[in-house]
Amino acid sequence: MKTWLMMGLPAVLTVALTGCFDNKKIDCSDPDGLSLIQGIVSEATEKAIKRETDEPLSSIRASVEGLGMSIADVRTAKTDPNSTKIFCEANLEVKIPAKTKQDAQASLDAMELEETVDNILENHGFEQSSTSADIYKIGISYNLQPTDDGQKVYAQLEDGSPQAGLADLLGWAVSKNKIVKEQLEIQRAAIEEEARAAKEQAEHEAQLKKEAAELAAAERAQMDAQISQAKAAYKRAVNEINEIWNSLDAETQDALREEQRAVNKEREAACKAESIANGGTQDEKEVYRLMCEVEALNGRKEYLFYNYF
């Protein structure tokens, strides 16, 4: 967030203007003196803005010159009978052009700040005039003193820092184009980064889906192979025990028939129960059941071979 750092006026800041004061005296409402005070404020405002921006001096100066500046409610605060210096108080009134306020607000909005033009000026001690929404005033103290020859007058702004609030406001205004452009670039970069991240995420998810599909296909192929092998082993075991059975003579077959039926029934039930207990997918259970049957069939085959041949 951009911050305007405003520095106060130097302890002594004086300027001179050619004039003629026959009695070497001056009052607080002297036009030349008031013009000097306005010039001090304008110059200090320009310098404060220049310290915080890289905008051209011509642009800064034009923005300061565009202010409708005047000094009102002038009061004499103190005089010294032994000196020609006079101490004064007054209100500095500044009329802010509508375009300046709009530009400053546009900068604040671009930076997504909640501040308004009125907030900025109020934070620096300005009050909005009751006569116009575009006029703001702030109390100032200053002193005036003519030279001994009465040809020049020196002015010094004492208390109050009107240049701080004005520079803060005008700084935002003169920097509008740059600030808006920078913020648009930041937003565009953020959108591009979001789009890039979204694209990368989509590509990553697509890759994960592809890998998951490939893994699922490999697992499916592996399971299909296991089922095919189990079925082939089961078929081979059935053929072998049938070959043994068919080799038995009719009398032996008759004697073993009920026993063989009971063995087959028990084998099928036991292998089915064990496959369920073993868990896993339906295909895994089927592989387990078939291999269980193969083992039992081979065992029965060996029993028949060694006992009846």
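**Exercise 1.** Determine the handedness of the disulfide between C28 and C88, and locate its two ends in the chain.

*Solution.* Begin with the pairing: C28 and C88 are joined with an S to S separation of 2.0 Å, where a disulfide is a pair of cysteine sulfur atoms within 2.5 Å. The torsion about their S-S bond is about -85 degrees, so this disulfide is left-handed. C28 lies in the loop between β1 (15-18) and α1, whereas C88 belongs to strand β3 (residues 86-95), so that the pair links distant parts of the chain, 60 residues apart; helices (H or I, at least four residues) and strands (E, at least two) are DSSP runs, numbered from the N terminus.

The model is predicted, with local features requiring pLDDT of at least 70 and side-chain atom pairs pLDDT 80 or more, while totals for chains, interfaces and linings use all residues. Residues are numbered from 1 along each chain as its sequence is written, and side-chain values use heavy atoms, leaving out hydrogens and water.

**Exercise 2.** Describe how strands β5 and β6 are joined, and characterise the turn of their hairpin.

*Solution.* First, β5 (residues 135-146) and β6 (residues 152-157) run antiparallel and are joined by five bridges, strands counting as paired if DSSP finds at least two bridges between them. Finally, five residues separate the two strands of the hairpin, and in the turn G150 has a positive phi of about 70 degrees.
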